[in-house]
Amino acid sequence: MLRCCALLATLFLVGLTTFEAHADRRVALVIGNSEYREIPALKNPDKDAEDVSNTFRLAGFEVFAAKDLTRLQFEERFRNYLAAADGADLAVVYYSGHGFQIGGENFLIPVDASLKDAADMEVQAIKVDDILRQLRSRSKIQMIILDACRNNPFPRKDYWLRDQLIVAGDSGLAQVTGSQNTLIAYATEPGAVAYDGSGDLSPFSSSFSRRALAPDQEIRSVMAAVRRDVVKATNGKQVPWENSSLIDDVVLMRGAEQPALPPSDAQQNEQVAERGIQVTDVAEAIGSRDIRVPVGVGPVPLKLDLPAKDASISVKLASYPATGTLSLPGRVLSPQSSLMAAEVDSLRYEPQIGSAAPVEVGFEIRVGNAAKRATMKLSPGVDPCDQAAGEPLDLQGVVPGRLPNEIGGGALESCEAAVKSYPDIARFRYELGRALLAAGRIDEARQAIQEAADKGHIRALFTLGSAVDTSKANGLYSKASDKGDPYALAAWGRALFNGIGVERDTGKGLDLLLQAAAMGHVDAMKELAVIFTEGRNGVPADPARALAFLKAGMERQDVYSMGILGLSAHPARTTPVVMACKAPKVITKIKVVRVPVSKPKTVTPTIPGAPKVKPMPTGTGRTSWTGGSSHAASTGGGNTGDGEGDGGDTGSDGL
């Protein structure tokens with residue numbers, strides 16, 4: 001009888017695995033901004049984010065949850081999320097907090113935004129279109145859900161948007177259209193106001209969290225139900241709205257999992273003592289584990305090899321890891337999942353990129369009336385190759401990254417081992433190329449970087465562009481730019497803005513440079529500072545706008561921006577120090593000093609009362625493929641070129 005039961009359970013498991021062999025990869029970024037520093041706090045977004053995060057976890061998503069993000073914190077969290085969303089079937093961004101529109105463009109407001117000056121919107125706020133573009137380049141289906149349509153609380157009303165000063169809307173968000181397979185949902189109709197609500201959650205978030213958990217409901221049906229709830233809760237004052245170009249059905253909460261086959265009463269009464277021992281053995285085997293799991297290599301088999309696999313033993317998740325995703329082959333597990341004992345050996349865990357803290361997984365092991373709990377520890381770890389040779393702003397990377405001159409001798413051995421262990425992961429092959437460049441092995445480096453590009457690593461495409469003529473380089477920059485790489489956005493934007501090897505397109509070039517700066521690329525910020533200081537190609541001069549971008553570079557610890565502003569970076573300090581014997585004065589303008597083309601371009605500040613500062617180069621043009629030693633001083637990706645050369649180098653490994 002027991003053998004028959006085990007056989008049936010095995011057949012059921014095979015059928016279930018076959019049915020769910022193509023389980024989707026689904027990733028969500030959930031942000032709640034409540035504690036604003038320059039304007040009154042909002043009551044509910046933090047709580048909204050917590051509730052919505054739990055909803056997505058229950059639905060089997062990998063969830064990146066964050067509260068009260070500054071602009072710099074958003075950049076970091078968003079890059080980690082994009083790395084996880086690369087190749088996802090469904091990528092979701094849910095935002096609750098302040099947001100408003102300018103000239104038909106929607107902006108989300110970090111908690112440290114002041115928005116006092118005309119240029120502040122570009123360097124302090126987050127453009128929704130930039131988020132959507134990045135999601136489109138990485139995922140099959142995109143969803144952006146915004147509980148952000150609140151009154152504009154800032155006194156200033158006009159801000160720079162590309163090449164114009166635009167008056168901000170008083171309230172609400174503008175309607176945005178997405179590309180194919182995109183849904184954009186708003187807490188209220190375009191131009192209208194959404195309410196924080198009188199309870200612990202906003203009316204919109206409260207309804208969404210509840211309705212999204214209805215099993216097997218398509219997202220458009222879910223949003224229609226949310227609309228009815230919110231209209232009723234606000235007496236018709238708030239009407240949720242969405243734009244959809246979905247061609248595929250999207251179901252957030254799939255139907256309840258099939259339970260394991262229950263043993264009969266007769267079977268439960270047989271060999272109770274023996275099974276109690278088995279439960280104890282399984283609990284002890286799980287509870288004794290502390291497993292190190294590498295980050296950024298996909299789901300990692302835990303290889304638990306439990307001592308008992310009796311079909312009548314059931315295993316339920318008693319607690320889900322705080323970050324990361326548990327799965328079986330073909331099935332992502334949620335906090336409510338149950339497994340059969342035979343499935344536990346196939347359990348996998350994928351750590352969340354950017355989260356290094358150990359996590360715990362709780363299990364309840366049961367057979368009949370016998371039950372025990374056990375907790376297993378999982379410790380995420382970054383591969384030594386990533387630590388030694390990861391690159392800054394690599395949207396497929398898992399670490400903040402190192403500049404070429406910071407790559408040490410041990411990087412080569414570490415990356416060779418990583419490529420051997422994970423031959424299908426393009427990132428390690430690219431980092432091997434960086435290590436080979438640092439070791440002076442140019443031909444081998446070129447081959448490794450080409451192999452990485454062939455396997456889909458976007459930064460490798462950009463790096464290869466530095467080794468070819470301008471026309472071919474622009475083609476590679478354009479291709480990598482379409483995938484959202486910040487370095488490529490800056491290089492292709494510079495080429496278009498200045499007409500370098502391509503017909504000039506000032507508007508598109510400026511837009512790409514602004515996108516690169518929005519992703520934290522300091523060389524794009526310096527390029528924009530020069531453009532706005534001089535006024536170039538029809539873009540009006542505005543020294544205050546130029547100064548805003550230099551300050552943004554300084555906030556990201558870029559030493560060139562600090563040097564231009566007359567500041568000095570010190571490794572032991574976290575904030576810059578003004579280099580003056582007197583009390584420092586506020587920098588009010590900057591001045592561009594032109595020097596012969598054969599020398600690096602310089603930007604020198606005019607600072608009353610401050611000593612003269614040695615000019616800092618913003619670019620030296622294209623260099624040979626030597627490993628990028630010229631970038632030793634930069635922290636955001638090296639040099640940008642002066643906008644008049646052949647495309648320059650944006651700080652990847654010197655091509």
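Where is the place of glutamine 238?

**View 1. Glutamine 238 in a loop of the predicted model.** Glutamine 238 sits in the loop between helix H7 (219–233) and strand E10 (241–244); helices (H or I, at least four residues) and strands (E, at least two) are DSSP runs, numbered from the N terminus. Its relative accessibility is 0%, so glutamine 238 counts as buried (under 20% relative accessible area, with exposed over 50% and partly exposed in between; 1.4 Å probe, protein chains only). A polar atom of the glutamine 238 side chain lies 2.9 Å from the backbone oxygen of alanine 187.

**View 2. An open antiparallel sheet of four strands.** The strand order is E12-E17-E14-E15, where two strands pair if DSSP finds at least two bridges between them. Strand E12 (300–301) and strand E15 (331–332) are the edge strands, each pairing on one side only. Three bridges join strand E14 (residues 325–328) to strand E17 (residues 348–350) in the antiparallel sense. Serine 327 has arginine 348 in E17 as its bridge partner.

**View 3. The one disulfide of the structure.** The sulfur atoms of cysteine 385 and cysteine 415 are 2.1 Å apart and form a disulfide (a pair of cysteine sulfur atoms within 2.5 Å). The pair links distant parts of the chain, 30 residues apart: cysteine 385 in helix H11 (residues 384–389) and cysteine 415 in helix H12 (residues 410–421). The link is right-handed, with 95° about the S-S bond. Cysteine 385 and cysteine 415 are both buried.

**Notes.** Residues are numbered from 1 along each chain as its sequence is written. In this predicted model, local features need pLDDT of at least 70, side-chain atom pairs count only at pLDDT 80 or more, and totals for chains, interfaces and linings use all residues, while side-chain values use heavy atoms, leaving out hydrogens and water.

Conventions: A polar contact is a pair of N or O atoms within 3.5 Å; within protein, one must be able to donate a hydrogen and the other to accept it, and residues adjacent in sequence count only if both atoms are side-chain atoms.
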